[in-house]
Amino acid sequence: MAIHKLLCNLSFIFLLFFHFGKGEIRLNYYSESCPNAEEIVKQEVISLYHKHGNTAVSWLRTLFHDCMVKSCDASILLESINGIQSEKTSTRNMGMRNFKYINTIKDALEKSCPMTVSCADIVALSARDGVVLLGGPHIEMKTGRKDSKESHLAEIDELLPNHNDSMAYVLSRFQSVGIDVEGTVALLGAHSVGRVHCANIVGRLYPTVDPTLDPNHAEYLKRRCPHPNPDPNAVEYSRNDLKTPMILDNMYYKNIMNNKGLLIVDQQLVSDPITSPFVENMATDNDYFHQQFSKALLTLSENNPLTEEDGEVRRDCRFVNSN
Ligand code: HEM
Ligand SMILES: *[C@@H]1O[C@H](CO)[C@@H](O)[C@H](O)[C@H]1NC(C)=O
């Protein structure tokens, strides 16, 4: 009897130990509380994609910018109000778009299951479903993330790599969230879709053209970005991948191997001997790219989920509940 009691106590302590400090996420977290949650997100993502194709691109970037900064906790969705300074105001988050359609997805969920599905799970699941619409792989994702009650604006510059950071720094940032070199190379394949504003390109064009840039491509980029000091609010940009701009395929790796990468970090993937072997393999094998991309995006999507105590399920993704 005494031994039984002791064991019970021990396993209780054990459970407590593993429960604390880590949010509980698992497959089908909403199977009882909101059985259609994942289907609702998917249908909304599909319908938004048919109305505004670039929403699918946005969900992918939003996951990166949310999860890389401390936790996948939807902190990026908070607006500036009541002492909160929105992460959207960070220069690192320049060019991010389509946030308003997150509310469309949330509204659909609130109609079926009020106050049940977190905004952090919307960020994760919408990226997952967006990837499929962009011709990428389907990724099983856990759910049960909680939403932050604060913005992490002050930490963004330190945690989210910049377009011109060194590869060593970029690799160390990804390593800190459990993503290795191969995974980092695969994740940057996200730059197979979407666009880059001129502010992030002109450093490679003016006053002199970066010698690691293909000269013809540089001429093209100069036509897209004719001003050395572009107005940050101007809608001047270039597409990442001219051939398949809305397909998440390995064209990105072929482009950077031909010196047609847009960002300095893109180009460094080829010139750095640590990353270049993976670039070559991904350029020749789209399935391999997709496999590694799935694995790394999954790891990113599980970065440091908040516990029940630290987080909440927001009613409106733009505001913490107490407002
Ligand atoms: C070292 C890492 C990375 C850096 C420095 C970086 C930087 C950038 C920059 C500067 C842009 C252009 C923004 C603009 O001018 O509008 C961009 C676009 C984009 N990034 Fe990244 N990125 C990185 C990794 C990633 C990862 C891991 C993902 C997702 C898995 C991602 C997804 C995207 C997408 C989808 C776009 C296009 C957005 C659009 O068209 O609206 N990036 N990135
Ligand atoms: C990187 O680019 C930013 C502007 O986007 C600039 O302020 C910064 O000085 C650049 N850093 C380096 C090391 O060139």
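How many helices and strands does the chain have? In this predicted model, in which local features need pLDDT of at least 70, side-chain atom pairs count only at pLDDT 80 or more, and totals for chains, interfaces and linings use all residues, the chain has 13 helices and 2 strands, where helices (H or I, at least four residues) and strands (E, at least two) are DSSP runs numbered from the N terminus. Residues are numbered from 1 along each chain as its sequence is written, while chains are lettered from A and ligands numbered from 1 in the order in which they are written.

The radius of gyration of the chain, taken over C-alpha atoms, is 21 Å, which agrees with the value near 20 Å that a compact globule of 323 residues would have under the rule of 2.2 Å times the number of residues to the power 0.38. Along its principal axes the C-alpha trace spans about 80 × 40 × 35 Å. Of the 323 residues, 40% count as buried, a residue being buried if 20 or more other C-beta atoms, placed from the backbone, lie within 10 Å of its own.

An automatic or database domain assignment divides the chain into domain 1 (25-156) and domain 2 (167-300), and the C-alpha centres of the two domains lie 24 Å apart. To their contact, domain 1 and domain 2 give 17 residues each, two residues being in contact if their C-beta atoms, placed from the backbone, lie within 7 Å. On the side of domain 1 that touches domain 2, the largest share, 6 residues, comes from helix H3 (residues 54-67), and the residues of this side comprise 12 nonpolar, 4 polar and 1 charged; Ala, Val, Leu, Ile, Met, Phe, Trp, Tyr, Cys and Pro count as nonpolar, Asp, Glu, Lys and Arg as charged, and the others, Gly among them, as polar.

Ligand 1 lies between domain 1 (25-156) and domain 2 (167-300), because both give residues to the shell around the ligand. Of the 24 residues around ligand 1, Arg61, Gly95, Ala190, Gly194 and His197 come nearest, where a residue is near a molecule if its C-beta atom, placed from the backbone, lies within 6 Å of it. The elements that give two or more residues to this shell are H3 and strand S1 (195-197), and H3 gives the most, with 5 residues. By residue class, the shell around ligand 1 divides into 13 nonpolar, 8 polar and 3 charged.

Definitions and conventions. A residue is buried if 20 or more other C-beta atoms lie within 10 Å of its own, exposed if 12 or fewer, and partly exposed in between; C-beta atoms are placed from the backbone.
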